[in-house]
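Student: Please take a close look at the pocket in this model and the aromatic rings around it. Keep it brisk, and give the cut-offs.

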Amino acid sequence: AEGAHARASCDNQHHLERQEPGGPAVGNVAAPTASAAAAALPPPVHNQKIEIGFLDYFKVTAPAPSPSPKAEKNSLGFLALAPKKGREGTILLSWGAAAMTMCLQVVFTNWDRLGTDSQAFWNFMCSKLASEGLFLDPLASTDLSADLPAVALYVFMWVNIVGFLFVMPNAFPPQQSDDVDSEGNTKPMEVPHRSRQQKVQHKLTNVDCSYILLNTLTMPGFFYHFFCLLRSWGLSLETLFPPTMVPPVAPAIVPAMGLSPTLPPIELDVDAALAAIAMVSEALPEAVGALTLYFLAYELVYYRWHRSLHEVPFLYKWVHKHHHQQTYPDRPALDTLNTACVESCVGTYMQLGVLWFCGEYLGVKNVPAGIMFFEIAGWLSVLEHDKFERALPFGMWKANEHHMHHAFVKCNYAPYSALWDKVFGTWKPFKQTTAEARRVANLGPGAEAPVVSITSVMQNNTTAPALSSASGEA
């Protein structure tokens, strides 16, 4: 109204003619009528509200959207006691399982032997750091607390285990597409989303972070027990870290005019080399056979355990359901560790139990095969929770098979290969839903989705992967 009054006064000053609504043109209007003032106002804006502030005059903003139920579900507090009733029980069970595991590790550890091992490790690290000029050698002979070497060994193992888990994806490059960009580089292939719902990533909460941390804290004790098992098979720590080992410091070689002095030629002992080759060729078939046995036995035991986690309602609700919050794994180490501590502890010590059973009752005690088993199992567990396409030769392992398990849930229970799933009839090849395949291929609702190999699906999802008509899913 004030704006209309100001404009009317300006019109009177310049003796302008204006047309009143429904009347003739008049001049020298003293004040606008109510209808003229209303007509001078801008039309109302619906579904919006006007906020008048000190700095924002007549600022038009949309009403704040109401939070969706899904957002409320993901915004959990530290204890995550809401929104579902009974959620607090699963969290306390998981935390209790981690605490119980660490207590059992303390009880069943031979502390006299651990003291000897940690002291050997402490002396070795002190001597190595002193030789590099990064540590004081007298610290190795200082009378320290008996628990300090054990704590140092625990921290060293924890840092290396966690770091190894996070750098694993870099050690196994993903499959590359055939397309080449303008710079001549190829793009890594990603496992396509099976459905549109999979594109919603589960945001990590404080409870997820607590599970991840607790699962990593139980690993140093587990790996020490694994070493104890290998020591009973013949591996000795003294050969790696002798308690009295102090490596001599090599004399400094001063280069002359920027060039290093000529080193003496290396003498090759042909007989020793031939003996080493013969020993490796003789031990290699035995190690391969033992490694195959370890994987077949562990996959069979874990298949039955994993399947029961899905088929027994109590186990799925209280133990395994947390891991399936992420329907499309794309954070390798985090999504691998983001499991209930009950499941994580049982799964890791299940590997130890399988090795012990094969050694005690089948007589297969092979130290190199045992080490390779743990290395390969750790690699595959992390890589199958990554978003990139990876596979081993001869179809022994494919990353998208575990992606199919996270999407479809009741299939592909085996941890690595598809052998036992095919034997028991629970294997499903990776495929997208029909609606998602048509959307990716830009087809209409009446068109038939193309059957294309999944290896042709590139990072930009320009083609549709292979579809399986056996399941008949929409």
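Tutor: The protein chain has 17 helices and 6 strands, taken as DSSP runs numbered from the N terminus (helices: H or I, at least four residues; strands: E, at least two). This is a predicted model, so local features need pLDDT of at least 70 and side-chain atom pairs pLDDT 80 or more, while totals for chains, interfaces and linings use all residues. Residues are numbered from 1 along each chain as its sequence is written, and side-chain values use heavy atoms, with hydrogens and water left out.

Now the pocket. The largest pocket has a volume of about 1400 Å³. A pocket here is an open set of points on a 1 Å grid over the protein atoms alone, where a 1.4 Å probe fits, with protein on both sides within 12 Å along at least five of seven lines. Its volume is the space filled by probe spheres set on the points, which are joined across faces, edges and corners.

The lining comprises 48 residues, each with an atom within 4 Å of a point. Nearest the centre lie I161, M219, F222, F223 and F374. Elements giving two or more residues to this lining include helix 5 (111-131), helix 9 (219-232), helix 10 (270-311) and helix 14 (367-383). Helix 7 gives the largest share, 8 residues. By class, the lining holds 29 nonpolar, 15 polar and 4 charged residues. Nonpolar covers Ala, Val, Leu, Ile, Met, Phe, Trp, Tyr, Cys and Pro; charged covers Asp, Glu, Lys and Arg; the others, Gly among them, are polar.

Next, the rings. The whole structure has 22 aromatic pairs. Rings of Phe, Tyr and Trp (its six-membered ring) pair if their centres lie within 6.5 Å; planes under 30 degrees apart are stacked, over 60 edge-to-face, the rest tilted. F222 and F223 have ring centres 5.3 Å apart and planes at 75°, so this pair is edge-to-face. F222 is buried at 3% relative accessibility, whereas F223 is partly exposed at 29%. Buried means under 20% relative accessible area, exposed over 50%, partly exposed in between (1.4 Å probe, protein chains only).

F226 and F374 form a tilted pair, 3.8 Å centre to centre with 50° between the planes. That pair links distant parts of the chain: F226 sits in helix 9 and F374 in helix 14, 148 residues apart.
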